[in-house]
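The following report walks through one structure for a reader who works with coordinates and wants the criteria stated along with the values. Please keep the sequence and the model at hand while reading.

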Amino acid sequence: MTGTPEIDWELLRREAVAVMGRAYAPYSKYPVGAAALVSDGRLVTGCNVENASYGLGLCAECGLVSALTASGGGRLVAMVCVDGAGALLMPCGRCRQLLFEHGGPDMLVAADGGPIPVAGLLPHAFGPQDLAATANLAARAEPE
Ligand code: THU
């Protein structure tokens with residue numbers, strides 16, 4: 001596929017609601033589902049998976065990013081995340097960082113007032129570009 005694929009927000013929302021129904025959230029009782037369009041046209045989804053050791057719970061977006069990588073990688077273009085009622089949910093801070101890594105600043109996240117780019121959810125983001133800058137410095141500091 002060439003160019004950015006068309007974003008079908010309704011389809012993404014339906015897929016997010018469907019995968020939310022498979023969430024494992026016995027502790028919070030707050031199921032979450034996420035569905036995203038990938039740069040090559042694929043759809044990837046994820047749901048939250050909690051744990052008796054509470055802090056180990058995985059957000060829906062973590063599962064989605066795992067599915068992205070496991071199914072061939074690529075860049076996230078747009079994502080819908082929903083709660084147990086099917087209402088749009090804004091990603092938590094950690095997940096915003098995950099989305100920045102795999103979608104970049106222009107990736108769109110569905111919100112009630114219209115899609116928001118990740119750059120608006122995570123301004124001045126730390127990312128791969130910062131590591132590259134430090135690596136360059138380290139390389140320059142290497143003795144001849
Ligand atoms: N949760 C997500 O899956 N994604 C978010 O962006 C926010 C929170 C999950 C984590 C936990 O299983 C439940 O929602 C309640 O916090």
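Which residues does A111 touch, not counting residues up to four places away in sequence? With contact taken as heavy atoms within 4.5 Å, A111 touches L88, M90 and I116. This is a predicted model in which local features need pLDDT of at least 70 and side-chain atom pairs count only at pLDDT 80 or more, while totals for chains, interfaces and linings use all residues. Residues are numbered from 1 along each chain as its sequence is written, and side-chain values use heavy atoms, with hydrogens and water left out.

A111 belongs to the loop between β4 and β5, and with a relative accessible area of 13% it is buried, a class that means under 20% relative accessible area, as against exposed at over 50% and partly exposed in between (1.4 Å probe, protein chains only). From C-alpha to C-alpha, A111 and A87 are 9.6 Å apart in space, although 24 residues separate them in sequence.

**Overall composition**

The protein holds 5 helices and 5 strands, where helices (H or I, at least four residues) and strands (E, at least two) are DSSP runs numbered from the N terminus. Read from the N terminus on, the elements follow the order α-β-β-α-β-α-β-β-α-α. The C-alpha trace spans about 60 × 40 × 30 Å along its principal axes, and 35% of the 144 residues count as buried. Among contacts between residues at least 6 apart in sequence, 60% join residues at least 24 apart. The protein exposes about 8,100 Å², of which carbon and sulfur atoms supply 58%; accessible areas come from the Shrake-Rupley method with a 1.4 Å probe, and for residues only the protein chains shown count as cover.

**The sheet and its helices**

An open sheet of 5 strands runs in the order β2-β1-β3-β4-β5, with mixed pairing, two strands being paired if DSSP finds at least two bridges between them. The edge strands are β2 and β5 (116-117), each of which pairs on one side only. Strand β1 (residues 33-38) is antiparallel to strand β2 (residues 43-47), to which 5 bridges join it, and also antiparallel to strand β3 (residues 76-82), through 6 bridges. L37 has L43 as its bridge partner in β2, whereas the partner of G33 in β3 is V82. Strand β4 (residues 108-109) pairs with β5 in the antiparallel sense over 2 bridges, and L108 is bridged there to P117.

In a regular strand the side chains alternate between the two faces of the sheet. In β1, G33, A35 and L37 point one way and A34, A36 and V38 the other, and all are buried.

Helix α1 lies across β1, β2, β3 and β4 and runs at about 50° to β3; axes are lines fitted to C-alpha atoms, for helices over the stretch in contact, and angles run from 0 to 180 degrees between N-to-C directions. In α2, the buried residues are A60, E61, C62, L64, V65 and L68, and the buried residues of this helix pack against β1, β2, β3 and α3 (93-103).

**Positive phi values**

Most residues other than glycine have a negative phi, and most peptide bonds are trans.

| Residue | Phi | Source of the value |
|---|---|---|
| G41 | near 100° | hairpin of β1 and β2 |
| G72 | about 125° | just after α2 |
| K29 | about 55° | not a glycine |
| H124 | near 55° | other than glycine |

The hairpin that contains G41 has 4 residues between its strands. K29 sits in the loop between α1 and β1 and counts as exposed at 66% relative accessibility. H124, in the loop between α4 (118-121) and α5 (128-141), is exposed with a relative accessible area of 85%.

**Surface features**

Y24, Y27, V49, Y54 and L58 make a nonpolar surface patch of about 540 Å². Patches are made of residues with over 30% relative accessible area and no salt bridge, with like charges joined within 9 Å and nonpolar side chains (Val, Leu, Ile, Met, Phe, Trp, Tyr) within 5 Å; a salt bridge is a side-chain nitrogen of Lys or Arg within 4 Å of a carboxyl oxygen of Asp or Glu. Y24 is found in the loop between α1 (9-20) and β1, and its relative accessibility of 42% makes it partly exposed. G55, in the loop between β2 and α2 (60-70), is exposed with a relative accessible area of 75%.
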